[in-house]
Protein chains: 2
Amino acid sequence: MQEAQKYSRYSFLLDRTARRVKQYAKQRFRELGWSITVDQWTVLKQLYDKGELNQRELADLTFKDHPTMTRIIDLLSIKELIVRNAHPGDRRSFKVALTSEGEKLVKSCLPEVQDIRMKAWENLSESDFKEFKRILDSIYDNLSL
Amino acid sequence: MQEAQKYSRYSFLLDRTARRVKQYAKQRFRELGWSITVDQWTVLKQLYDKGELNQRELADLTFKDHPTMTRIIDLLSIKELIVRNAHPGDRRSFKVALTSEGEKLVKSCLPEVQDIRMKAWENLSESDFKEFKRILDSIYDNLSL
DNA sequence: GTATATTTGTTGTTATACTAACTATTAAAA
DNA sequence: TTTTAATAGTTAGTATAACAACAAATATAC
């Protein structure tokens with residue numbers, strides 16, 4: 001393979017693998033009969049870990065943009081897993097919070113999610129993780145503005 | 001961080017980085033005034049390298065599913081960069097081919113695409129690439145059916 | 001204190017991703 | 001040979017993902 005083409009190949013592998021990881025989780029969620037998507041789960045989990053957050057904070061934590069977050073929150077609201085509460089002192093923003101339904105769902109799904117996530121990393125060592133994280137962070141930084 | 005949560009974190013980093021790589025390329029395509037997306041580029045490049053292919057072959061090579069490939073090909077056809085030719089001997093399928101316009105575009109974009117792709121990998125060594133590829137492949141295999 | 005800039009969130013548009021259901025065609029089985 | 005199965009591709013529906021343009025509220029500058 002030519003030197004220059006090598007980089008396209010690596011980008012391709014990265015994209016392919018990320019899609020596979022997401023697809024696997026999506027499929028497992030489905031098989032388990034859960035009515036939420038992986039991205040919706042990520043939002044629920046943040047709220048579970050950190051408590052009430054506004055939409056900007058959620059977007060920052062998940063590295064999604066604001067319109068995407070608006071829509072994920074819309075869908076979770078319709079399912080009554082979260083609520084947008086008025087923010088006292090800033091009428092532009094909401095305090096997004098888990099409902100008791102939402103909290104119950106997070107608690108019940110958590111162990112299975114951890115199994116799903118672990119599956120990807122079978123047969124990989126502790127030093128592999130470190131290397132992998134270092135390289136991913138390096139790529140991310142190379143492309144940051 | 002708890003052992004189990006570590007894996008979610010790695011999946012998150014993988015997803016985040018893959019999105020960033022794609023976003024960067026998209027932004028550069030845009031800045032260069034190109035009227036194609038990154039995924040559309042991938043299809044054009046395959047046709048440039050391998051010649052005529054049917055839609056299934058293109059889907060397999062790019063690891064995309066068939067409906068997605070149908071739509072990418074629709075869009076590239078509208079732009080008259082490729083054509084669906086009848087397949088002699090199998091009336092179910094098409095032979096997809098670059099038009100002369102399409103071929104000209106691939107040739108003119110190729111050097112810049114290589115620069116875009118290279119950007120992600122600055123400051124990484126040859127052994128980093130090898131490690132990275134090995135780990136990505138391992139993850140992919142762990143999740144394959 | 002008013003003009004200007006920034007922040008928070010929404011809406012609209014285009015493209016990818018995945019599932020399911022479908023048509024048309026070809027291949028395999030009985 | 002006719003029934004059945006498999007393959008190639010499309011269409012429909014839902015959910016991200018990214019960008020642009022926007023409204024409303026808040027913060028800053030003068």
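How far does chain B turn, and how far does it shift along the axis, when laid on chain A?

## Two copies

Chain B goes onto chain A with a turn of 180° and a shift of 0.0 Å along the axis, giving an RMSD of 0.1 Å (least-squares superposition on the C-alpha atoms of residues with pLDDT of at least 70 in both). The two copies are thus related as by a two-fold rotation axis.

Keep in mind that this is a predicted model, where local features need pLDDT of at least 70 and side-chain atom pairs count only at pLDDT 80 or more, while totals for chains, interfaces and linings use all residues. Residues are numbered from 1 along each chain as its sequence is written, with chains lettered from A and ligands numbered from 1 in the order in which they are written.

## Chain A on its own

Chain A has six helices and two strands, running α-α-α-α-β-β-α-α from the N terminus. Helices here are DSSP runs of H or I with at least four residues, and strands are runs of E with at least two, numbered from the N terminus. The C-alpha trace of chain A spans about 55 × 35 × 25 Å along its principal axes.

## Where the chains meet

On the chain B side, 37 residues are in contact with 37 residues of chain A (contact: C-beta atoms, placed from the backbone, within 7 Å). Helix 1, helix 5 (100-119) and helix 6 (126-142) of chain B each give two or more residues to this side, and helix 1 of chain B has the largest share, 15 residues.

## Around DNA strand D

Of the 27 residues around DNA strand D, the nearest are A:Asp39, B:Gln55, B:Pro67, B:Thr70 and B:Ser93 (near: C-beta atom, placed from the backbone, within 6 Å of the strand). Helix 4 of chain A gives the largest share of this surface, five residues.

## Helices 3 and 4 of chain B

Helix 3 of chain B and helix 4 of chain B pack at an angle of about 110°, their axes 9 Å apart. Axes are lines fitted to C-alpha atoms, for helices over the stretch in contact, and angles run from 0 to 180 degrees between N-to-C directions. That makes helix 3 of chain B roughly perpendicular to helix 4 of chain B (65 to 115 degrees; under 35 is roughly parallel, over 145 roughly antiparallel, the rest oblique).

On the helix 3 side of chain B, B:Gln55, B:Arg56, B:Leu58 and B:Ala59 meet B:His66, B:Met69, B:Thr70 and B:Ile73 of helix 4 of chain B.

Notes
Contact = placed C-beta atoms within 7 Å.
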